[in-house]
Amino acid sequence: MTLLMTLLERYERILDQLVAELKAHYGHRLVACAVFGSVGRETQREGSDIDLLLVVRDLPSGRMKRVDEFLPVEERLQPLLDACAREGAAPMLSPVFKTPEEVERGSPLFLDMVEDARILYDDGGFFAARLERLRCRLRELGARRIRRGNAWHWVLKPDLKPGEVFEL
């Protein structure tokens, strides 16, 4: 890596290699990979972590088993991560693992992803379709994402009445 490489270029290089490593590691089990947070918005700073959603078929039960299965991917990326660290970026991978079935059940995490996620790989458009269904539902509800200080929060149903129940 050259010293002339911008911060954005360094992160993009990591993401490109990450997708290649994920495809090689998970093979046909890989359904989707998305980056979110500051890297997804392309507003990262030196040392921003890389927030990832990995959708993989037949994941083992439990977070630690899923992390253990992912470790070889991170190990193969380590030389590139180390090179970025020498240039000041020092990114860390922060993956969230979901099966397609877990994605279909939904997650509060997906709320911010409708705005901030950048899909890096999506076999058959599975995750893009899930996010689009959520976007449509948020529009139906009149939901709004509001920034307060350094954080965002959602007003999911502005006209919510006491005792009313709704689904996303």
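**Figure 1. Burial of T99 in the predicted model.** A residue is termed buried when its relative accessible area is under 20%. The model shown here and in the other views is predicted. T99 has a relative accessibility of 8% and therefore counts as buried. T99 lies in a loop, the one between strand 3 and helix 4 (100-105). Setting aside residues up to four places away in sequence, T99 touches V55, V56, L59 and R66.

**Figure 2. Strand 1 and its two pairing partners.** Seven of the seven residues of strand 1 are buried, and the strand is described as mostly covered. Strand 1 pairs with strand 2 in the antiparallel sense, and six bridges link the two. Within this pairing, F36 stands opposite D51 of strand 2. Strand 1 also runs antiparallel to strand 4 (residues 118-122), to which four bridges join it. Here C33 stands opposite Y121 of strand 4.

**Figure 3. The largest nonpolar core.** In soluble globular proteins, nonpolar side chains tend to be buried together. The largest nonpolar core of this model has 25 residues, of which L22, I50 and F70 touch the most other members. At least two residues of this core come from each of helix 1 (7-26), strand 1 (30-36), strand 2 (50-56), helix 3 (63-86) and strand 3 (93-98).

Figure 4. Which residues does L22 contact, leaving aside its neighbours within four places in sequence? L22 is in contact with G27, L30, C33, L54, F70 and V73.

**Figure 5. The largest pocket and its lining.** The volume of the largest pocket is about 200 Å³. Its lining consists of F36, G37, R41, L109, D112, M113, D116, R145, R147, N150, A151 and W152. Two or more lining residues are given by each of helix 2 (37-41), helix 5 (109-116), strand 5 (144-148) and strand 6 (151-155). Helix 5 contributes the largest share, four residues. By type, the lining divides into five nonpolar, five charged and two polar residues.

Definitions and conventions: Residues numbered from 1 in each chain as written. Predicted model: local features only at pLDDT ≥ 70, side-chain atom pairs only at ≥ 80, totals over all residues. Heavy atoms only, no water. 1 Å grid on protein atoms, 1.4 Å probe; cavity = no way out; pocket = protein on both sides within 12 Å on 5 of 7 lines; lining within 4 Å. Points joined across faces, edges and corners; volume = space filled by probe spheres on them. Nonpolar A, V, L, I, M, F, W, Y, C, P; charged D, E, K, R; others polar. Core = buried A, V, L, I, M, F, W, Y, C linked by side-chain atoms within 4.5 Å. Buried < 20%, exposed > 50% of the residue type's maximum accessible area, 1.4 Å probe, protein only. Contact = heavy atoms within 4.5 Å. Pairing = 2+ DSSP bridges.
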